[in-house]
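Dear colleague,

Please find below the structure that I am handing over to you. I would be grateful if you could look through it before reading the notes that come after it.

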Amino acid sequence: MRGQVVDTTVPASSPAPPSPTPLVRRAGFWLVVVAAGYSVAMLVLVAPHLPLGADESLYATQVSPRVPALTWTAARARGMTYLIAPIVQVTDSVVALRSYLAVLAGAALTAAYWPWLRALRRPGTVPVAAALFAGLWTTLLYGAEDLPNAWVAFAAVAATGWFARYGQHPARLASESGRSPGTSLDAGSRRSPGDRLVAGSGRPSDRRALIGVAVGLAAIALLRPSDAAWVALPLLATMALVRRWRRPGPLLAVAGGCLAGAAEWIVEAHLRYGGLAARLHEASRQQGGLGWHPIGVLYQLRALNGPLLCRPCSLHHLAAPHAWLLRAWWLAIPVLVVAALVVARRQRRFAPIALPTAVGASIALSYLLTIGYAAPRFLLPGYGLAALPVASVLVAALSAAHRGRMALLATLLLLCVLHEAAQLATLHRVAHRTDVAAAGAAELRRLGIHRPCVLVGVRRTQMAYRLGCTTTNPAGMPGYVGRQQVVFLTWHPDDRRAGLDWRRYPMPRPGHARHWYAFVAPAP
C-alpha cells in the first residue's frame, strides 16, 4: 500500500545452523551395523573352517600354558600375544580362538572408523568405507586370524582419523583464519551447508583427539614397530607443511605413541639381540634383506587372490587374461583415490581425504617396494585407509548425479555385487583348505610321539602346537637325539639328513595333499 513503510533490513543474526548430530548418529548406527555384519560373516565363513597357520601357532605358544614357547625371532613383536592371551589361556580350540578374534575385530572396525564420522564432510561416507574394507576377502580372513596385519589396519585408520579431527577443530581453524567459529572454514568461499555442519558441530577436545592419535600409534608399534614408523612419517610431514598441525601437542602424541608402543621391542633388542641395530639387522636378514625391491608390486599383484605367502614368488600366472580381470578392482584403487583427491580439492575439503591417502600410500609402499616376497595380508592397512577416499568419491558421484541417478546407482550396485561375489569366492577357497598339519599330528600321536619331543622340518610349527613339542632346525637336530623323541618331517622319502636307524612313516594326505614323510629317531 502507498505510504506503507516496508522493512528491508537484514536480520542481525541468521538462524542457527542445523546440528550435524542426527546425521552423525545415523551414520554411526550404520557403521555399527556394518561391523556387526563383519563379525557375523567371520563367525560363519571363517571360524569353523580355517586351520591354524604356522605363524599363528608360534604366537599362540608364547602365551599357552599347555605347550612350550617356540623360538621367537627378531622381526616379531609381542602385541598379538597380548591380544590372544585371554582365550589361549583358557582353551586350545582353534574355533574358539577364531570366534574370539572375530568378535573383537568387529568392535575394532567400529572404533577405527568412528573418528571419521565428524572428520569427513559427509558422515554417510564412513559406513560405506567400512563396508568396502570389511568386504575384502583378506579383511574377512585375517580379522579372525592370529596375525597382526588386520589389527595394524584398524589402529592406523583410527590414529589417522583422530589426527584429522584435531586439525579440524573449529575454534582453531577460526582463530587461524581470523573468523569467528560460526563462519566458513574455507577462506574466500561462500558458506555451504557442508561447511555449516562442520563449523556448527561440537568437536571433541584437543586432548581427546591427541590421546586417540597416541593410543592408535602405540597399538601399531606394539604389533609391528616398523609399521608405526611408516604411519607416523606422513603425519610428521603434515605437521611440517600445514600450520594448523604445527603445534607441540600432535608432535608429542605421534612421537610418544610410537615410543610407548615400541618400548618393549627396544628393551628386548638390548636384552636378547645385542642392541637395537643388531636386532634390526637380524630382522632384515630374516625377511630376505629389506631394501629396494620394485618388483614387489608385481609380487603383490600375483598374491592378490592367493597364495597366502608368495615366497619365492612366480609371476607366470599374471599373463592369463582372467588373472587381470580378477585383479581389476586392485588396479582401480589408485584411479579412484586420485579422483577423490580432485573432488575434495574442488570442494575445499582436501585435508580429510589427503591424510588417509598419504598414510595409506606410505605403509603400502613399504611393502610394495622394500620386500622381496608377498602376502595378501601385508596391504591390509593400505586398504583400510584407501577405503575412505574411495568411498568419498563414490558417494560424491551419487550426490552429483541428478539425471540418470537410478541408472548410476544400479550400475554401482551391480559392480559392488560382482566385486563382493569374487571376494567371497576367494575367501571360500582359501578358508576351506585341508588341515594337513592336524592329520599329521594325529598320526604322530598314534605312533606314540608325546612330550618331551622335538619336531624338525616341514609343518613342524603347526604340529608342535598341537602335540606340545618344541622345534629346531636340521642343524640343531643331533643335539636332541638320545635325550628326547625326535621327528624329522620331510617331502623326500630318502632324505639323507635322517639317521640310518630312523624309522620312516608315510604321513596322511587329506585332500590329496603332497606326499610327505616322518622319520622317527630311536627312542631315548
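Predicted model: local features only at pLDDT ≥ 70, side-chain atom pairs only at ≥ 80, totals over all residues.

Helix 17 covers residues 328–346. After helix 17 comes R348, which has a positive phi, near 60°.

Helix 18, residues 351–369, also has 19 residues and reaches 26 Å between its first and last C-alpha, close to the expected 27 Å. Of these 19 residues, 14 are buried, so helix 18 is largely enclosed by the rest of the structure.

Turning to the sheet, you will find 5 strands in an open arrangement, with the order 2-1-3-5-4 and mixed pairing. Strand 2 (470–471) and strand 4 (503–506) are at the edges; each has a single partner strand, so one side of each lacks a neighbour in the sheet. The pairing of strand 1 (residues 453–457) with strand 2 is parallel and runs over 2 bridges, and V454 stands opposite T470 of strand 2. Helix 22 (residues 460–467) packs on the sheet and touches strand 1, strand 2 and strand 3 (485–490). The direction of helix 22 makes about 165° with that of strand 1.

The whole structure contains 12 salt bridges. One of them joins R377 and D55, with the closest N and O atoms 3.5 Å apart. R377 is in the loop between helix 18 and helix 19, while D55 is in helix 2, so the pair ties together parts 322 residues apart in sequence. R377 is buried, at 11% relative accessible area, whereas D55 is partly exposed, at 26%.

Helix 2 also holds E56, and helix 4 holds R98. The side chains of E56 and R98 meet in a salt bridge at 2.6 Å, N to O. Both partners count as buried, E56 with a relative accessible area of 2% and R98 with 0%.

A further salt bridge links E282 to R285, the closest N and O atoms being 2.5 Å apart. These residues lie 3 residues apart in helix 14, and are therefore separated by about one helical turn. E282 is partly exposed, at 23%, and R285 is exposed, at 53%. Finally, R78, E268, R272 and R279 form a network of salt bridges.

Yours sincerely

Note on methods:
Residues numbered from 1 in each chain as written. Heavy atoms only, no water. Helix = DSSP H or I, 4+ residues; strand = E, 2+ residues; numbered from the N terminus. Expected span 1.5 Å × (residues − 1). Buried < 20%, exposed > 50% of the residue type's maximum accessible area, 1.4 Å probe, protein only. Pairing = 2+ DSSP bridges. Contact = heavy atoms within 4.5 Å. Axes fitted to C-alpha atoms, helices over the stretch in contact; angles between N-to-C directions. Salt bridge = Lys/Arg side-chain N within 4 Å of Asp/Glu carboxyl O.
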